Amino acid sequence: MNAGAQKTLALSWLLLIHQLPAKPAYLRVKVWRRLQGIGAVAVKNAVHALPMSEGTQEDFEWLLREIVEGGGEAFLCETRLIDGLSDDDVRKLFDAARDADYGIIAKDARAIAKSLRPKLKSETVNELRTQVARLRNRLADVVSIDFFGAIGREAAEGLLGDLEARLNEDEAVTKRPKVDSKASAREALRGRTWVTRQGVHVDRIGSAWLIRRFIDPDARFKFVSGKGYRPDEGELRFDMFQAEFTHEGDNCTFEVLLDRVALNDPALRAIAEIIHDIDLRDSKFGREEAVGIRTLIDGIALATSDDSERIARGTEVFNNLYEVFGRKR
């Protein structure tokens with residue numbers, strides 16, 4: 001298994017079985033794209049599989065919720081294959097899907113390589129660097145759902161590495177606009193305990209940072225089981241089922257918080273786009289910074305299972321990111 005892939009439990013699979021309504025038509029497209037984004041493969045019509053892990057279960061649960069809210073039906077189960085379709089057969093489906101993804105990236109990288117010429121104009125070089133950065137972002141997305149280590153990754157990474165070396169790629173720095181100081185929508189949210197699911201990752205870590213830095217510096221956090229939790233007086237839930245602040249439509253929790261408390265800071269909006277691309281894996285905004293931030297958050301998650309510690313370490317990441325966006329106007 002690749003270092004960037006999620007840890008999986010052998011011989012254990014998650015199956016999402018769903019039925020979508022005829023209308024609205026866009027729901028089918030949306031569900032298909034989301035399935036592609038989380039790396040699920042079809043083992044039968046309207047039956048998609050993922051290897052069992054905490055992260056893949058969360059991905060399927062969010063998609064199940066979207067299907068039901070869109071008027072469809074769905075249920076999720078954990079299973080072990082006994083006869084008919086073997087574990088090896090399913091692994092081959094995942095490897096074939098990821099090799100196809102790597103193949104597209106490699107093809108695009110070769111096309112860019114063919115366009116390289118001596119003494120290119122600086123504008124052309126900058127455009128090529130942007131294209132390569134986008135390919136690197138796409139590669140990171142594929143690696144994050146390459147559960148069993150498809151062989152196509154090595155070729156794609158090699159081609160991108162060669163391109164980056166030839167172009168001497170520099171990282172772009174985003175401009176930071178002025179911060180809006182309005183805080184009226186945040187007054188009622190102070191002095192609360194914020195409750196979320198155990199095993200925090202990018203959206204919950206980022207949301208906790210947003211809460212403490214821009215809403216209530218004295219906010220307290222509580223980590224509970226994902227379902228069935230009933231909040232006590234003074235508690236607010238975020239990024240969990242039936243929470244006061246959680247995913248809404250195509251928005252992740254960080255985006256929802258930003259909108260609800262009227263934080264009109266484009267620097268925060270840029271961070272929201274990065275978190276969205278990492279959390280939902282739909283490349284909606286195509287933020288090039290998502291690759292590095294994903295790596296940092298994954299490293300924090302591997303380094304500690306303590307949720308408070310993850311938030312503390314993640315706070316440093318998001319503080320630094322916010323300052324980077326604020327360095328140039």
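Predicted model: local features only at pLDDT ≥ 70, side-chain atom pairs only at ≥ 80, totals over all residues.
1. A residue counts as buried when its relative accessible area is under 20%, and as partly exposed when the value falls between that and 50%.

2. Let's start with Arg-197. With a relative accessibility of 10%, Arg-197 is buried, because the cut-off is 20%. Its side chain meets that of Asp-239 in a salt bridge, at 2.8 Å from N to O. Arg-197 belongs to strand β5 (residues 193-197), while Asp-239 sits in the loop between β7 and α7, so this pair ties together parts 42 residues apart in sequence. Asp-239 is buried too, at 2% relative accessibility.

3. Where does Asp-250 find its salt-bridge partner? The partner is Arg-34, and the closest N and O atoms of the two are 3.8 Å apart. This pair links distant parts of the chain: Arg-34 is in helix α1 (residues 25-38), Asp-250 is in the loop between β7 (235-237) and α7 (253-260), and 216 residues separate them. Arg-34 is buried, with a relative accessible area of 8%, whereas Asp-250 is partly exposed at 33%.

4. Lys-30, Arg-34, Glu-66 and Asp-250 are linked in a network of salt bridges. If you are viewing the structure, these four residues are a handy group to display together.

5. Another pair to look at is Arg-237 with Glu-244, whose side chains meet in a salt bridge at 3.1 Å, N to O. Arg-237 is buried, with a relative accessible area of 10%, and Glu-244 is partly exposed at 28%. For the overall tally, the structure holds 25 salt bridges. As background, side chains of opposite charge can pair when their charged atoms come close.

6. Now for a pair of helices. The axes of α9 (residues 290-303) and α10 (residues 307-325) come within 9 Å and cross at roughly 165°. An angle over 145 degrees counts as roughly antiparallel, and α9 and α10 are therefore roughly antiparallel to each other. The crossing of α9 past α10 is right-handed.

7. Which residues make this contact? From α9 come Ile-293, Leu-296, Ile-297, Ile-300, Ala-301 and Ala-303, and from α10 come Arg-310, Arg-313, Gly-314, Val-317, Phe-318 and Leu-321. Sorted by type, the residues of the contact between α9 and α10 comprise 9 nonpolar, 1 polar and 2 charged.

Definitions and conventions. Residues numbered from 1 in each chain as written. Heavy atoms only, no water. Axes fitted to C-alpha atoms, helices over the stretch in contact; angles between N-to-C directions. Helix = DSSP H or I, 4+ residues; strand = E, 2+ residues; numbered from the N terminus. Parallel < 35°, antiparallel > 145°, perpendicular 65-115°, else oblique. Left-handed = near helix turned anticlockwise from the far one by under 90°. Contact = heavy atoms within 4.5 Å. Nonpolar A, V, L, I, M, F, W, Y, C, P; charged D, E, K, R; others polar. Buried < 20%, exposed > 50% of the residue type's maximum accessible area, 1.4 Å probe, protein only.
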